[in-house]
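Dear colleague,

Please find below the structure that I am handing over to you. A short account of the findings follows it.

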Amino acid sequence: MAMPLVAIHFDNSISFDYFVELFQELKTLLVNYVTANLFLSTKYLFDFLDNFNLQDLSEILIASLVLLCVTVFFYYLWRTRGMPPGPWGLPLVGYLPWIDKDKPYVSMMELYQDYGGICTIRLGEVVAIVVSEPHYVKEALSQESLTGRAPLWLTHGLMNNNGLIAVEGPKWREQRKFVINCLKNLGAVKVGEKRAVMEKRILGGIRITFQMIDERREDGPFDPKQILSHTIGNIMNTIVFGKSFDLDDHTWVWLQHMAEEGVKLVGVAGPLNFMPYLRILPQYRKLLDFIKNGQKRTHDVYRSIANEQRTKDNILSYYLEAIASGKGEYFDEAQMLHLLADMFGAGVDSTLATYRWVLLYLALHPEVQERVYEEVSSVIGKGKEPNMDHFSMCPYTEATILETMRIRPVVPLGIPHGATKDTQIAGFRVPEGTMIIVNQWTLHHNPKYWINPEEFEPKRFIDSDGCVRRKDSFNPFQTGKRSCFGEELAKMVLFLFTSSMVLRYRLQLEGSSSAGLGGECGITLSPGQHSISFVLRQ
Ligand code: HEM
């Protein structure tokens, strides 16, 4: 069909009539064009349907699939332009099938071997940059624009910018500052009078730990996980809620169960982080319901603790005061409940897992244990309780704790960050929304920075003057504006527990020497099942 010609006459004076005429012509042109194409398309459609057979259908499907792959390929190329190099993945899932779900940190170390200290991978819908060299890690973690959190559906989606670990922007800054002040007030400080209050709290927990070990140790070797979960958990309970629970308190038993299951389930539901549409599948829906119900019930428990709150000097009571004062911008009940859960979860899980690794490595290396014993017994004295003044005088004990954190970092892939706006690392483009993974495991196991990295050798943290020294390739708490502010508290718990334990017991590993070393990786990497004999020292 011939296209109608549009005759437009230009003269010096363009009148209103001229526009009317132009509009009419354009309208005619459009109507003719649409009618013609509609006629043609309908004709082709009828012709096609007349001759349609199954082979056509498979050809159409294949062609659509190829078209989809090509579109996804070019979209991915466009999206990752200027970003660090990395492996190809599959449409939709990206590199996920190549990540070992039990040991994702090992898969990331393989990436380091293939692509070096900075690389890009696509995990479902999320594009991630993995940084594994100390100077890239430092550059990334020092940037304001990388203090966001990764766009992960489970954490971001479920938390809805509440709490502490998953929040961003001004709310994160305000709430983080508030909690840091709370911890200082409660005595999680290097020096000062308040420190004694926190020491007392921790030493109380240690005494109960020893009572519980003494009740069980004559029956043979056992895994101290349950006892430590109760006592370290209760130390955190007093800091966060101002109360501790009895061992058999139903609420406490349930809270511990939820904390443990929650860690595993969030691990199992991991693919939802990268492919949120999977939640339409029944198995993921069930998981999500379980997590959401658990969250709701936990908040109900916290609410009732808040209603009965009588004590001062804990994060909950400070928070209630802050809400009542009306001064802060983001202080409300919903945010408080999430924040308390984050504080309890982040504080207990990581410290408990680290301490269990310390005991396992001490039991596995009697020569290291004896050196720690010699040091603490000479500095603190047999039968005495330690305090943080002893810490700087026990470099070998500190080095043993650090070496444990090196060889078994409890967050082997850190807590991922997210780019809040376009930026750069090492000159590579980092678009807004990119996830940044700090590859702690590779940093801690790279033979370029550690001699025989698979060997447990605390001396590597001590310099020629006998002082403790840390390297840039050691990063268990991450660095920068978003680094872990629980480090001081963790240091106190780990030193006081380790020195007291070695002063009181000789630890002996029972069964296979590799028991538990492989670890179980949920949100944190914890030791696997193992048994220790606690032999009372004379
Ligand atoms: C050995 C023990 C611990 C280890 C290895 C550890 C490790 C970490 C790491 C790697 C991060 C991520 C930092 C980042 O995103 O850059 C983190 C964040 C965090 N940690 Fe710890 N942590 C420990 C103990 C604690 C304790 C005792 C507390 C509570 C007082 C705590 C509370 C938190 C919180 C709330 C965050 C999130 C901070 C934020 O997003 O601004 N941690 N921790």
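**Sheet and iron site**

Strand β4 (residues 417-418) and strand β7 (residues 435-438) run antiparallel and are joined by two bridges. Please note that this is a predicted model. Within this pair of strands, Gly418 stands opposite Met435 in β7.

Both strands belong to an open sheet of five strands, whose order is β1-β2-β7-β4-β3 and whose pairing is mixed. At the edges of the sheet lie β1 (118-123) and β3 (148-149), each of which pairs on one side only. Helix α3 (residues 104-115) packs on the sheet, where the helix touches β1, β2 (126-131) and β7. The direction of α3 makes about 130 degrees with that of β1.

The second topic is the iron atom of the ligand. Which residue is its only protein donor? That donor is Cys484, through its SG atom, at 2.3 Å. Cys484 is placed in the loop between α16 (440-445) and α17 (487-504). An unreviewed UniProt entry also places the feature "binding site" at Cys484.

With kind regards

Key:
Residues numbered from 1 in each chain as written. Predicted model: local features only at pLDDT ≥ 70, side-chain atom pairs only at ≥ 80, totals over all residues. Heavy atoms only, no water. Donors = N, O, S within 2.8 Å, 3.2 Å for Na, K, Ca; no water. Helix = DSSP H or I, 4+ residues; strand = E, 2+ residues; numbered from the N terminus. UniProt positions renumbered as here; feature names shortened; annotations may be inferred. Pairing = 2+ DSSP bridges. Contact = heavy atoms within 4.5 Å. Axes fitted to C-alpha atoms, helices over the stretch in contact; angles between N-to-C directions.
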